[in-house]
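Q: Can you walk me through this one? I'd like the main points, starting with a local detail.

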Amino acid sequence: MDYSQFLYMHEELALLLVIVVMFIYDLVVCTDRKDGKPVLNTAVPVVLMTLLTIFNAIPECWYLPSCAPVEEAFGGMYQHTPMMTVMKTVLNIGTLIVFLMAHRYLSRDENRVKQGEFYILTMSTLLGMYFMISAGHFLMFFIGLELASVPMTALVAYDKWRATSAEAGAKYILVALFSSSLLLYGVSMIYGATGTLYFDDIAARLDGNLLNILGLVFFFTGLAFKISLVPFHLWTADVYEGAPTVVTSYLSVISKGSAAFVLLTILVKVFAPMIQQWQDILFWIIILSITLANIFALRQNNIKRFMAFSAISQAGYLVLGVIAGTAQGMTSLVFYLLVYLAANLGAFAVINSIEQNSGKINISDYNGLYQTNPKLSFLMTLCLFSLAGIPPFAGFFSKFFVFMAAFHQGFHLLVFIALVNTIISLYYYLIIVKAMYINPNDAPIATFRSDGYTRCALFLCTAGVLLLGIASCVYDSIDALSYGIDVQLPSVISSCCGL
């Protein structure tokens, strides 16, 4: 066996090293206060995750311009491409922001004794997502899926003294087990029909018979549960409401984004001969996800349940990049995820800060927030406008790119329905803006100052929303003026990544 193949897994090995260092630090180095409870310095996991992100990003600067070829290890079970590294770096950035958000929550007396567990569990789920993204074999993919799902259950039930958190953890593990069993059943059908679990080999042996179609349906059903696509979304609102807010933010962006990327990769690599079948399935799933989620979001008062239905709707837009099944669709999906990461985590950072300082979690509690906390209100507005897709914020361009990817493949009606739903989503996002700026409140949430880590998270998210929007706008304007043609940013990214 050539052990040098492990060098292709340098990203996974680096993350594993971070997990080990974090475990040793939590076990040995953590100091005790006078009350006897261990205290973990939040700067340690933040610095470790920052170094990991830089480690992943620096090689990209070396081989992206040269369009490095696909690298495989262990007979093709592990695959490494520049786009996969880009996706892992995006997930690292999101995890780093979640760690910054979690400082105030983990500093509470009831959480101080298990701070290290939070970081280790979160990094473990991230490691599972790494394996999912780089999988070239269904066995490795399933191992990564379970490694990402099981620790996530512990995170959802992290507030074990709260009945709602324990209930959310129970619901999540049951849904995870059920969805994984359906997915594994579909994979077994594919294996029975083709005699292999390697992605590249399966694609060459599929002929579109009934067993292939059943395998595709069961596989997609299992992964659709992870992404919270309608009609596999019923667990989402309850789990989002019961889980700690920082966990909810991680679940809504990092977990969902990695699953969407993997779905596109497997559909394109494995089920390419059945493109007509899976595009027909996605067509109706996207319409249902965007439309029903927008309608149910209008009825919510609890802001975490509101963000749950917002996440379901955003998942529908994400899958617009999947249905295109092209390099433009993949790069549009990754760019959409990066923008969604900044906007959604920014909104959750505000929600978490308000919850930790006032205990308020209902939309009606936000009435008059601008009177006492104008800066938080303004940042929340920017993030909501980006989620709604209002120009010139980054959310407008991310939606535009996935719309164009689907439109270029002939899904004109689907893009039109998505555009109509964008208007509905704008209305319910403005409900929160109206509550903060217009609705009267004799006793608004008291003025408070967020901790330094939360302010840093808010700064990163706000910078992402504004700078990504400005960069997209400037690039397209310069391109149109210079060449007179319509080439979007994702096309350039795709070319650099060798897609």
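**Notes on the model**

Q: Before going on, where do the coordinates come from?
A: This is a predicted model, where local features need pLDDT of at least 70, side-chain atom pairs count only at pLDDT 80 or more, and totals for chains, interfaces and linings use all residues. Residues are numbered from 1 along each chain as its sequence is written, and side-chain values use heavy atoms, with hydrogens and water left out.

Q: Back to α13. What span should its 32 residues have?
A: At 1.5 Å a residue, helix α13 (residues 327–358) should span 46 Å. The expected span is 1.5 Å times one less than the number of residues. Its end C-alpha atoms are 46 Å apart, which agrees.

Q: How many of its residues are buried?
A: 27 of the 32, so α13 is largely enclosed by the rest of the structure. Buried means under 20% relative accessible area, exposed over 50%, and partly exposed in between, with a 1.4 Å probe and protein chains only.

Q: New topic: K88. Buried or exposed?
A: K88 is buried, with a relative accessible area of 0%. K88 sits in helix α3 (residues 82–106).

Q: What does K88 touch?
A: Beyond its neighbours within four places in sequence, K88 contacts E11, E12, N56, Y78, Y130, I133 and S134. Contact means heavy atoms within 4.5 Å.

Q: How confident is the model overall?
A: The protein averages a pLDDT of 82, and 88% of the residues score at least 70. pLDDT is the predictor's confidence in each residue, from 0 to 100.

Q: Where is confidence lowest, and where highest?
A: Lowest in helix α19 (residues 489–496), at a mean of 43, and highest in helix α5 (residues 138–156), at 90. Over residues 477–499 the pLDDT is below 50. Where pLDDT is low, the predicted coordinates should not be read in detail.

How values were computed:
Helix = DSSP H or I, 4+ residues; strand = E, 2+ residues; numbered from the N terminus.
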